Amino acid sequence: MIPLLTADEMRVVERQAIEGWGVPSLVLQEHAALGALALLPPGQPVHVLAGPGNNGGDALALARLARLEGREVSVWSPSAQPGWRGDAAHQARLWKGLGGEIRTSTAPAEAMAVWRGWVVDGLLGLGTTRPLEGAALAWVRALNASGLPVLALDLPSGLDPSAAEIPGEAVRATRTACFGHRKVCHGLMPAREACGDITVVPIPLDRAPRAALQLLERPILPPRAWDAHKGSFGHVVIRAGSLGMSGAAVLSALGALRVGAGLVTVLTDPEVRAEVAAQVPEAMVRPWQGTLPAEADVLLVGPGGIDQVPDWEGPLVLDASALKEGEGKRWMERPGTAITPHPGEFARLFRLPRPMLMDERLAQARQVSTGKPGVLLLKGAQSVLAGGAREELWINPTGHPGLATGGSGDLLAGMVAGFRAQGLPMREAVAAAAWFHGAAADRLPGAGLLPRDLADQLPELLRG
Ligand SMILES: NC(=O)C1=CN([C@@H]2O[C@H](COP(=O)(O)OP(=O)(O)OC[C@H]3O[C@@H](n4cnc5c(N)ncnc54)[C@H](O)[C@@H]3O)[C@@H](O)[C@H]2O)[C@@H](O)CC1
Ligand SMILES: Nc1ncnc2c1ncn2[C@@H]1O[C@H](COP(=O)(O)OP(=O)(O)O)[C@@H](O)[C@H]1O
Ligand SMILES: [K+]
């Protein structure tokens with residue numbers, strides 16, 4: 001799991017190092033500047049933009065180190081009176097001590113017209129949340145229009161470090177030297193795209209910070225015992241498939257089987273039993289007659305137009321038609337339950353406005369899951385995982401728009417049930433399903449991808 005910190009969470013980590021451990025803040029800044037300098041191609045001229053706060057201090061430190069390396073360096077401040085204080089003022093003195101100048105211009109585009117090499121963006125870092133304005137805005141506009149390669153210090157200026165959305169104009173960086181830990185803007189789209197290639201520069205801070213948001217990494221699955229038998233990997237029962245929507249039942253069954261469930265039983269509407277059975281010979285396919293098999297380990301309900309949830313005490317996965325209007329709260333309060341809505345189903349389930357932007361998806365996922373035992377996967381680009389009586393939100397980074405095709409959610413729901421049947425706790429089962437589902441897509445071209453193709457990728461992908 002990769003923590004994505006808000007500005008406040010990052011300041012807690014910095015304070016711990018500076019006030020708690022006694023690390024001088026200039027030492028942190030020197031590490032940051034040295035690490036960032038190493039990301040610039042050797043020998044190239046560097047034009048450094050230094051803003052009013054400590055991000056400007058990092059920029060001035062980098063300018064000094066770059067000049068000591070023998071590079072051609074110029075330093076620019078958007079403001080004629082930068083008013084640096086504390087560490088930034090100290091860095092400005094060190095730069096001037098080397099004979100360095102600090103220039104300014106009211107026509108940044110003209111100044112940049114003669115620049116060669118790289119630009120270092122040290123205008124703003126953790127200290128802003130509001131849209132750029134004034135001279136900083138003019139410099140960022142000119143920079144984005146210049147076509148010059150840009151190394152952003154900590155984050156591209158103009159991003160809100162704690163948000164996915166971009167408040168206004170922001171630097172479009174070629175690379176970003178992210179100091180110490182990723183912030184929210186380094187993980188979530190669309191802000192992440194403005195960062196270009198991200199390198200985390202280690203600075204002497206706590207390696208395990210507290211963060212309410214985490215990016216999923218490849219899940220570690222339990223090893224399979226040499227003497228395992230099909231009873232070891234659980235029995236998934238799927239109530240899915242009605243006339244005109246039998247394929248959803250097939251894809252769910254494939255999802256459960258392809259992640260390694262031991263047994264899969266599909267209970268379909270009677271009219272489609274034979275066509276489902278013909279497409280997944282590995283599953284037991286029976287007509288729904290109102291009762292569940294006694295030996296089920298997990299029940300999946302919903303794909304293919306099934307909206308009635310049978311009475312059942314055990315682990316339950318609900319998707320598609322089973323996600324009925326206004327019932328979200330009920331399912332979030334039921335222990336051992338996972339619900340996997342896309343934003344439209346989510347809005348219907350919880351009677352909330354449809355969450356469109358990433359920051360809205362996070363806020364709404366948090367709102368409905370806080371303190372609740374049920375697990376929520378709010379699907380979409382960068383699906384959000386919440387609940388299971390845990391506070392943090394997890395974000396799935398895998399996948400691409402090729403997944404936006406009918407049936408890919410049915411496969412995913414089957415995968416959740418398949419992992420849960422093998423003994424993963426529900427939240428981990430959902431995380432594993434979301435991660436591998438997207439990772440399967442990442443191995444395939446974008447458009448024209450079929451959910452069946454994803455299923456075929458899974459065995460090899462799971463083997464590692
Ligand atoms: N505190 C530390 O120990 C460390 C801090 N470091 C650097 O320090 C940065 C944070 O420094 P600061 O907290 O000084 O923040 P910034 O360098 O982002 O500067 C904030 C200042 O910019 C001005 N400002 C804010 N929003 C603006 C806007 N929209 N338009 C124009 N001006 C605006 C405000 O007057 C504020 O004083 C980090 O991102 C990182 O680069 C690093 O040196 C690592 C260690
Ligand atoms: N742009 C995208 N990037 C990554 N994943 C996506 C994207 N669009 C859709 N997905 C994923 O594809 C799946 C679609 O599920 P869903 O909307 O339920 O489809 P269906 O009901 O048609 O099967 C979800 O897992 C979702 O997260
Ligand atoms: K910056």
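A: The place to begin is glycine 260, which sits in the loop between helix H8 (246-258) and strand S11 (263-268); helices (H or I, at least four residues) and strands (E, at least two) are DSSP runs, numbered from the N terminus. This is a predicted model, in which local features need pLDDT of at least 70 and side-chain atom pairs count only at pLDDT 80 or more, while totals for chains, interfaces and linings use all residues. Residues are numbered from 1 along each chain as its sequence is written, and chains are lettered from A and ligands numbered from 1 in the order in which they are written.

Glycine 260 counts as buried because 20 other C-beta atoms lie within 10 Å. A residue is called buried if 20 or more other C-beta atoms lie within 10 Å of its own, exposed if 12 or fewer, and partly exposed in between, with the C-beta atoms placed from the backbone. Once its neighbours within four places in sequence are left aside, glycine 260 is in contact with Phe233, Gly418, Gln422 and Leu462, where contact requires that the C-beta atoms of two residues, placed from the backbone, lie within 7 Å. The C-alpha atom of glycine 260 is also separated by 7.5 Å from that of phenylalanine 419, although the two residues are 159 residues apart along the chain.

S11 pairs with S10 in the parallel sense over 5 bridges, two strands being taken as paired if DSSP finds at least two bridges between them. Within this pairing, arginine 239 has leucine 267 in S11 as its bridge partner. The chain passes from S10 through H8 to S11 in a right-handed β-α-β crossover; right-handed here says that, with the strands pointing away from the viewer, the path from the first strand over the helix to the second runs clockwise.

On strand S10 (residues 235-239), 5 of the 5 residues are buried, so the strand is largely enclosed by the rest of the structure.

S11, for its part, pairs in the parallel sense with strand S12 (residues 284-287) over 4 bridges, and threonine 268 stands opposite proline 287 in S12. Between S11 and S12 the chain crosses through helix H9 (residues 273-279), and this β-α-β crossover is right-handed.

The wider setting can now be described. UniProt, in an unreviewed entry, lists residues 213-464 as "domain: YjeF C-terminal"; its positions are given in the numbering used here, feature names are shortened, and annotations may be inferred rather than shown by experiment. That span is 35% helix and 17% strand, and its end C-alpha atoms lie 26 Å apart. The domain assignment divides the chain into domain 1 (2-211) and domain 2 (230-463), with bounds that come from an automatic or database domain assignment. The C-alpha centres of the two domains lie 43 Å apart, and 6 residues of domain 1 are in contact with 6 residues of domain 2. On the side of domain 1 that touches domain 2, the residues divide into 4 nonpolar, 1 polar and 1 charged, where Ala, Val, Leu, Ile, Met, Phe, Trp, Tyr, Cys and Pro count as nonpolar, Asp, Glu, Lys and Arg as charged, and the others, Gly among them, as polar.

Elsewhere in the chain there is an open sheet of 7 strands, in the order S4-S3-S2-S5-S6-S7-S8 and with parallel pairing. Strand S4 (102-103) and strand S8 (197-201) stand at the edges with a single partner strand each, so one side of each is left without a neighbour in the sheet. In strand S5 (residues 118-122), 5 of the 5 residues are buried, so this strand is largely enclosed by the rest of the structure.

As for the chain as a whole, its secondary structure comes to 15 helices and 18 strands, and 50% of its 464 residues count as buried.
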